[in-house]
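Colleague: Hi! Could you walk me through this one? I'm new to reading structures.

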Amino acid sequence: MHLLESHGDHAEQTDDRSVGRRDGAVSVFVSAAPRLFAIGLRVLQDVGEAEDVVQETWLRWARADRSVVISPPAFLALTTTRLAINVVQSARRRHETSAGPWLPETTDRSVSPETAAERREAADTAIRLLLERLTPAERAAYLLRVAFDYPYRRISEILHLGEDHARQLVRRARDHLATERCHPVSATAHRRLVQTFLAAAQTGDLAELEELLATGIAR
């Protein structure tokens, strides 16, 4: 009789711990959900898809071994970012839209350190994709046109090529971003382009970015 009672007490304690862990996981996720939705929306530019990504993040979080997760907010943010980028790269997404909307915002605003870190992470990922899939000329024309809304005439002046050629480069860039091609990426070149891109977005001074992109073509 005592053994049965002891076993019952142990089972109740185990169930209590399981419920406590589950409740804790829910609490952590609910607290992070607004930020996760913002990340998904920034990458996908679509409310419904952002909500789907957040839901999938919850499923990943619920299945994860949370005992080994050092920083739950970081785990959730990274999972959401990866899932959103996967959606961007999916066949459906590639055929329905251009690959431009997920480029980080270039408007200069006063932002929190957390938001600044998220923007840098988004820029880091987006620019790595541009480096992997585009030629230097395609990348230069695409960044200037899509991220900063440069007119084709100005792009042609910066890159020293014809205006029609600039248009062709942007069209080819969109096509190549929808493929699985992957060029080796120099860590140094990647870091420099991310830093220059973010500086241009924050200050509005694009001279250094223009020079970097034009020099890359010359080489």
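**A chat about the helices**

Modeller: Happy to! The secondary structure of the chain comes to 10 helices and zero strands. Helices here are DSSP runs (H or I, at least four residues) and strands are E runs of at least two, numbered from the N terminus. This is a predicted model, where local features need pLDDT of at least 70 and side-chain atom pairs count only at pLDDT 80 or more, while totals for chains, interfaces and linings use all residues. Residues are numbered from 1 along each chain as its sequence is written, and side-chain values use heavy atoms, leaving out hydrogens and water.

Colleague: How much of the chain is buried?

Modeller: Of its 219 residues, 36% count as buried. Buried means under 20% relative accessible area, exposed means over 50%, and partly exposed is in between (1.4 Å probe, protein chains only).

Colleague: Let's pick a helix. Which residues of H8 are buried?

Modeller: Those are Ala166, Leu169, Val170, Ala173, His176 and Leu177. They sit on the same side of H8, because they cover an arc of only 130 degrees around the axis. The arc is that of the directions from the helix axis to the C-beta atoms.

Colleague: And what is on the other side of H8?

Modeller: Asp164 and Asp175 are there, and they are exposed. A handy rule: an α-helix has 3.6 residues a turn, so residues three or four places apart point the same way.

Colleague: What span should H8 have, going by its residues?

Modeller: Its 15 residues should span 21 Å at 1.5 Å a residue, and the end C-alpha atoms are 21 Å apart, which agrees. The expected span is 1.5 Å times one less than the number of residues.

Colleague: At what angle do H6 and H8 pack?

Modeller: At about 95 degrees, with the axes of H6 (residues 136-147) and H8 8 Å apart. The two are therefore roughly perpendicular to each other. Angles under 35 degrees count as roughly parallel, over 145 as roughly antiparallel, 65 to 115 as roughly perpendicular, and the rest as oblique. Axes are lines fitted to C-alpha atoms, for helices over the stretch in contact, with angles running from 0 to 180 degrees between N-to-C directions.

Colleague: What classes of residue does the contact of H6 with H8 have?

Modeller: It has nine nonpolar, one polar and four charged residues. Ala, Val, Leu, Ile, Met, Phe, Trp, Tyr, Cys and Pro count as nonpolar, Asp, Glu, Lys and Arg as charged, and the others, Gly among them, as polar.

Colleague: Now H7. At what angle do the axes of H7 and H8 cross?

Modeller: H7 (residues 152-159) and H8 (residues 163-177) cross at roughly 100 degrees, and their axes come within 8 Å. That makes H7 roughly perpendicular to H8. Tyr152, Arg153, Ile155 and Ser156 in H7 meet Glu163, Ala166, Arg167 and Val170 in H8, where contact means heavy atoms within 4.5 Å.

Colleague: Which residues of H7 are buried?

Modeller: Tyr152, Ile155, Ser156, Ile158 and Leu159. Seen down the axis of H7, they fall within an arc of 165 degrees, so they line one face of the helix.

Colleague: What follows H7?

Modeller: Histidine 160, whose phi is positive, near 60 degrees. For background, most residues other than glycine have a negative phi. Histidine 160 is found in the loop between H7 and H8.

Colleague: Is histidine 160 buried or exposed?

Modeller: Exposed, with a relative accessible area of 70%. Aspartate 149 also has a positive phi of about 60 degrees although it is not a glycine; its place is in the loop between H6 and H7. Aspartate 149 counts as exposed, at 58% relative accessibility.
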